[in-house]
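This report walks through a few local features of one protein, beginning with a helix and then turning to a loop. Please look over the sequence and the structure before reading on.

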Amino acid sequence: MLLTSEAVTNAVNACTGRGCSAPVTLRAGWAGPCRLRVLVHDEAPGLPGRRTPGPDEEGGRGIQLISEGADAWGVCGNGPGRGKATWFELGRSGLRG
């Protein structure tokens with residue numbers, strides 16, 4: 001839930017004040033046995049990046065949390081409409097549930 005919340009919050013924040021007309025979309029599905037993929041799409045320009053916020057900053061840790069908590073993650077142009085999608089996967093290949 002934490003990683004999904006961070007990805008959605010990043011997308012909503014990216015769209016705030018940039019005139020995005022389409023809503024942020026969330027898709028989740030099984031990429032294989034025991035491997036969950038979550039994709040969050042928005043139409044805001046630009047790509048998210050990992051940064052190191054100061055100790056007193058309230059934000060700026062979303063991509064850092066995703067990159068450290070997920071087994072794989074990235075940003076791609078896939079998804080409905082313009083923009084980009086931030087995705088992550090949980091569950092390692094070859095695990096048996």
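Two residues are in contact when heavy atoms of theirs lie within 4.5 Å. The model described here is a predicted one.

## Helix α1

Helix α1 covers residues 2-15, and its 14 residues reach 20 Å from the first C-alpha to the last, which is close to the 20 Å expected at 1.5 Å a residue.

An α-helix has 3.6 residues a turn, so residues three or four places apart point the same way.

## The loop between β2 and α2

Glutamate 43 is found in the loop between β2 and α2, and it counts as buried because its relative accessibility is 18%, where the cut-off for buried is under 20%. The side chain of glutamate 43 is joined to that of arginine 82 by a polar contact of 3.3 Å.

Glycine 60 also lies in the loop between β2 and α2, but at 30% relative accessibility glycine 60 counts as partly exposed. Once its neighbours within four places in sequence are left aside, glycine 60 is in contact with Arg51 and Pro53. Between the C-alpha atoms of glycine 60 and arginine 92, which are 32 residues apart along the chain, the separation is 27 Å.

Notes:
Residues numbered from 1 in each chain as written. Predicted model: local features only at pLDDT ≥ 70, side-chain atom pairs only at ≥ 80, totals over all residues. Heavy atoms only, no water. Helix = DSSP H or I, 4+ residues; strand = E, 2+ residues; numbered from the N terminus. Expected span 1.5 Å × (residues − 1). Buried < 20%, exposed > 50% of the residue type's maximum accessible area, 1.4 Å probe, protein only. Polar contact = N/O pair within 3.5 Å; in protein donor to acceptor, adjacent residues only side chain to side chain.
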